[in-house]
Amino acid sequence: MKRVKTILRVLCALLLFIGTFLLLQSLLTPKYVDDVVEGAFVAEYYREKKDHDVIFIGDCEVYENFSPAVLWEEYGVNSYIRGSAEQYIFQSYYLLEDTFYYEKPSVVVFNVQSLQFGEAQSEAYNRMTLEGMRWSPAKVAAIRASMTEDEHFIEYVFPLLRYHDRWSDLKQTDFQYLFHKKTVSHNGYYMRLDAKAVPENLPPVKPLGDYSFSDRAWSYLDRIVEACKREGVQLLLIKAPSVFPHWYDEWDEQVKAYAEKQGVRYINFLEHTEEIGLDFATDTYDAGQHMNLSGAEKCARWIGRILAEDYGVPDRRGEEALSAAWAGKLASYRAEIEEQKERYGLS
Amino acid sequence: MLFTSYEFIGFIAVLLTVYYLVPRRARPPLLLAASCAFYAFSGWENLLFIACTVLSVWGGGLLLEKNLARQKARLCAGELSAADKKAIRDGEKKKRKGILAAVLLLNLGILAAVKYLGFLTEGLNGVLGLFGAAPLSAASLIVPMGISFYTFQSIGYLVDVFRGAVPAQRSLWKFALFVSFFPQLVQGPISRYGDLSRTLFEPLPLSYAVLRRGLVRVLWGYFKKLVIADRLSVAVLAMTGGQDRGGFALALLFLYTIQLYADFTGGIDVTIGLAEAMGVTVAENFRRPYLAVSLKDYWRRWHISMCTWFRDYLFYPVSTSRLMRSLTKGTKKVFGDKAGRKVPLYLSSFIVWGATGLWHGANWNFLVWGLSNWAILMVSQELEGAWGAFRKRFPKTGGKAWRAVAVGRTFLLVAAMNLFDCYPTLGGTFGAFFSIFDPRAWAGFSFSSLLSLGLTGADFALTGVAVVLMFAVSCAGAWGDVRDRLEKMPFALRVVLLLLLFFAVLIFGAYGRGYDAGQFIYNRF
Amino acid sequence: MEELLEILNELHDDVDYETEEHLIDNGILDSLDIVTLIAQISDRFDVTITAKDIAPENFNSAAAMAALIRRLEEEG
């Protein structure tokens with residue numbers, strides 16, 4: 001009897017411990033709902049019903065430059081962007097594998113900008129991409145591939161160990177979104193309505209000593225290509241139309257040669273800006289790094305035609321359930337447009 | 001492997017699990033294996049150094065014991081006159097002295113080579129410089145982890161065997177365990193063979209209660225180390241890094257003294273608690289040192305294992321040596337009976353405090369620190385007679401208030417001397433210290449200046465609360481074991497208190513890379 | 001014994017040496033006292049006390065010290 005009592009007591013204490021731990025962990029982990037929303041994107045994917053036809057993978061050049069809402073409205077293409085801030089190519093590869101656990105889209109669009117980094121450059125960006133992933137062998141491998149020198153795997157398992165110092169930094173939103181976070185993206189798209197023109201006189205481009213991408217970066221592009229072939233998914237490589245950081249011609253040639261060798265299509269949007277109708281005076285919000293809503297809708301419209309015509313992505317506007325889901329998404333899309341118009345004082 | 005690394009936590013989690021599962025007899029060998037693994041983790045070359053000490057001291061101990069046995073046999077054999085017996089004893093003792101000297105020379109030689117070569121060449125270069133000679137380059141060797149601790153612990157053992165105070169350890173692996181017992185390798189203490197061997201080779205029976213008790217102490221140690229010491233170290237490093245004049249110097253003096261206490265006693269708590277959880281009893285190393293009423297009292301309470309080591313293995317042998325005895329005879333003739341007796345005594349203390357200083361670190365700063373301790377202790381020793389007369393004349397000076405003044409005065413003295421510990425050079429130490437009394441150095445200083453040291457107001461507030469808690473628990477310890485009282489509490493209250501402590505360490509501990517919201521703002525250029 | 005008590009009283013006159021049995025354990029005699037004591041004893045009794053003999057059990061009481069002195073005298 002005494003033994004049973006002891007075991008029960010220890011069990012109670014253990015439950016109390018685990019409960020407190022999880023509560024504190026959830027309290028202290030950044031919520032990414034107000035100021036730095038980029039950290040929330042990766043996790044939002046898992047709330048979706050996963051039967052997308054097109055998946056975008058890559059860094060800010062995908063999640064700020066294409067609007068899935070337009071793809072749906074104009075082409076009936078059901079798409080999602082698995083993008084995150086400075087997503088490194090190895091992370092893109094594992095996010096792709098992660099996506100393949102859940103669904104098999106007909107087209108994957110990957111932005112090649114991240115080929116320039118063979119290693120993770122920043123612990124903070126690592127966390128913003130990796131934390132949101134659900135636990136899977138892909139996540140474990142992604143963490144191992146990404147960790148910078150003084151990062152510890154255990155801090156990914158228990159983010160409390162990483163964020164315990166936020167005790168003096170807690171905000172109202174940390175309590176508000178303790179259990180449920182609000183959705184901050186539109187199918188992975190980060191909306192901005194403000195505009196800042198690309199300056200007239202661009203500073204001269206700094207020549208590089210070495211234009212070759214690292215072997216490690218290439219090897220992950222190989223793995224992306226292989227994974228798509230394995231799953232029977234069509235891969236489209238793109239370079240989004242961001243002016244900064246500069247995309248060197250030498251880089252572009254390497255990617256072109258690679259795409260040809262692999263039999264994969266590669267589109268450099270910078271070569272098609274007129275066709276797309278981009279106006280760098282009004283279509284970017286930070287002088288050329290990222291598109292604003294106007295630019296992202298133009299890009300979506302342009303790539304939508306390619307996806308529908310060249311890749312045969314079906315128009316699913318006739319599906320009732322999907323249309324209903326999109327109706328809700330479009331409503332919140334429009335609501336945010338109105339909200340931002342007010343915020344930035346636009347008509 | 002630092003106590004505060006994930007590796008160490010993982011290491012002890014695995015070790016404790018296995019330790020509790022294996023049969024009792026298998027525990028000491030497991031501990032030896034764990035100690036070797038722990039040591040190898042910090043660099044396998046380190047194993048060579050410690051193996052050298054283990055083998056030489058173990059062998060030395062056996063030789064000494066064999067000699068003692070032979071002496072005994074010879075003394076018992078047949079009828080011997082007192083003179084014969086004395087001759088036998090003296091002859092054998094000479095041999096034993098030879099063995100002892102050889103082993104000590106080897107081990108102290110290794111210690112000196114890795115720790116003091118730099119200091120010696122520097123000193124030599126100073127002399128050579130006077131003659132215009134080119135300076136020698138200091139040969140730098142890696143300093144194996146814990147070498148001062150295990151060397152001293154081994155020497156203590158060998159001297160004890162030499163004196164016949166403990167029997168020699170015949171088993172090599174047991175002796176290796178005594179020297180390499182891993183919880184002691186980082187910060188000490190320097191255990192005595194007679195103390196540690198009692199439970200090390202035959203650990204006490206384990207139980208849930210033993211584990212709990214041990215781990216509570218480990219947790220408390222982490223609280224002191226992580227919440228207080230490692231947080232304050234940010235400010236201390238900022239100050240010793242250049243912001244150390246006037247008010248900052250005064251702040252440094254206090255903050256470093258608190259940091260040192262929290263770090264050192266916290267580390268020892270981890271060591272003793274961990275050993276306790278494994279059924280091994282390690283002697284206490286501190287007894288509320290900052291409540292000492294005098295410097296002499298302080299040195300009975302602070303780093304006890306080191307102080308008694310220097311007392312038993314250096315001070316007593318030197319002060320009762322033949323050299324000192326004959327010196328006494330000489331000085332008594334010159335200075336008279338009373339004063340003449342004191343000269344060799346003070347000389348021995350001088351040697352011991354110089355050695356203590358150098359043991360802390362191989363530089364002039366620590367040497368001067370050790371000798372300052374010596375000077376203050378000797379002056380207060382001389383004043384003791386006068387002080388006693390004063391107290392008799394004014395009996396009120398024995399009261400509580402007076403005691404508080406004495407405690408405060410001793411704390412200030414110790415804190416001021418701790419400044420030696422903050423700097424590698426005497427110039428740094430004295431520069432900071434004297435600036436406290438220079439009004440110009442205080443210009444523009446206010447309490448809010450402390451916020452420029454890398455800690456926020458919230459950090460200081462938190463540290464303040466934690467220090468009060470640490471002080472309260474330390475004082476409570478004077479009236480009985482705090483953990484005993486914890487055990488007597490109702491289960492629910494105990495669980496809540498321990499969870500609070502655990503989460504306080506987890507959240508308020510100054511570990512990891514820290515959180516700077518700015519890093520997470522995405523701005524790519 | 002009387003001679004020993006005389007030496008001890010010279011050191012600290014406020015201790016009752018005939019009854020106190022924990023001179024070391026209770027911290028009444030510190031290391032400087034011990035060494036002073038040893039020097040005095042060596043002078044008066046013609047014995048050599050070395051570091052080896054400095055153990056609490058030999059110095060905890062006046063009786064223990066007297067026993068130590070006797071033993072050393074016998075060993076010569």
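Predicted model: local features only at pLDDT ≥ 70, side-chain atom pairs only at ≥ 80, totals over all residues.
Biologist: What is phi of A:Tyr32?
Modeller: A:Tyr32 is a residue other than glycine, yet its phi is positive. The value is near 55°.

Biologist: Is A:Tyr32 buried or exposed?
Modeller: A residue is buried if 20 or more other C-beta atoms lie within 10 Å of its own. A:Tyr32 has 23 other C-beta atoms within 10 Å, so A:Tyr32 is buried.

Biologist: Where does A:Glu86 lie, and what is its phi?
Modeller: A:Glu86 lies in the loop between strand 2 (79-83) and helix 5 (89-102) of chain A. A:Glu86 is not a glycine, but its phi is positive, at about 45°.

Biologist: Why does A:Glu86 count as buried?
Modeller: The cut-off for a buried residue is 20 or more other C-beta atoms within 10 Å. A:Glu86 counts as buried because its C-beta neighbours inside 10 Å number 21.

Biologist: Which residue does a cis peptide bond join to A:Phe244, and where does that residue lie?
Modeller: The bond has an omega of about -15°.

Biologist: What is omega of the cis peptide bond between B:Gly188 and B:Pro189?
Modeller: B:Pro189 is in the loop between helix 6 (172-180) and helix 7 (193-200) of chain B. A cis peptide bond joins B:Gly188 to B:Pro189, and its omega is about 0°.

Biologist: Which chains have the most contacts between them?
Modeller: Two pairs of chains touch. Chain A and chain C do not touch, and their nearest C-alpha atoms are 42 Å apart. Of the pairs that touch, the most contacts are between chains A and B.

Biologist: Which helix of chain B supplies the largest share of the side that touches chain C?
Modeller: In this interface, 16 residues of chain B are in contact with 15 residues of chain C. Helix 4 (82-130), helix 11 (304-319), helix 12 (322-335) and helix 13 (337-360) of chain B each supply at least two residues of the side that touches chain C. The largest share is five residues, and it comes from helix 11.

Conventions
Residues numbered from 1 in each chain as written. Chains lettered and ligands numbered in written order. Contact = placed C-beta atoms within 7 Å. Helix = DSSP H or I, 4+ residues; strand = E, 2+ residues; numbered from the N terminus. Buried ≥ 20, exposed ≤ 12 C-beta atoms within 10 Å, placed from the backbone.
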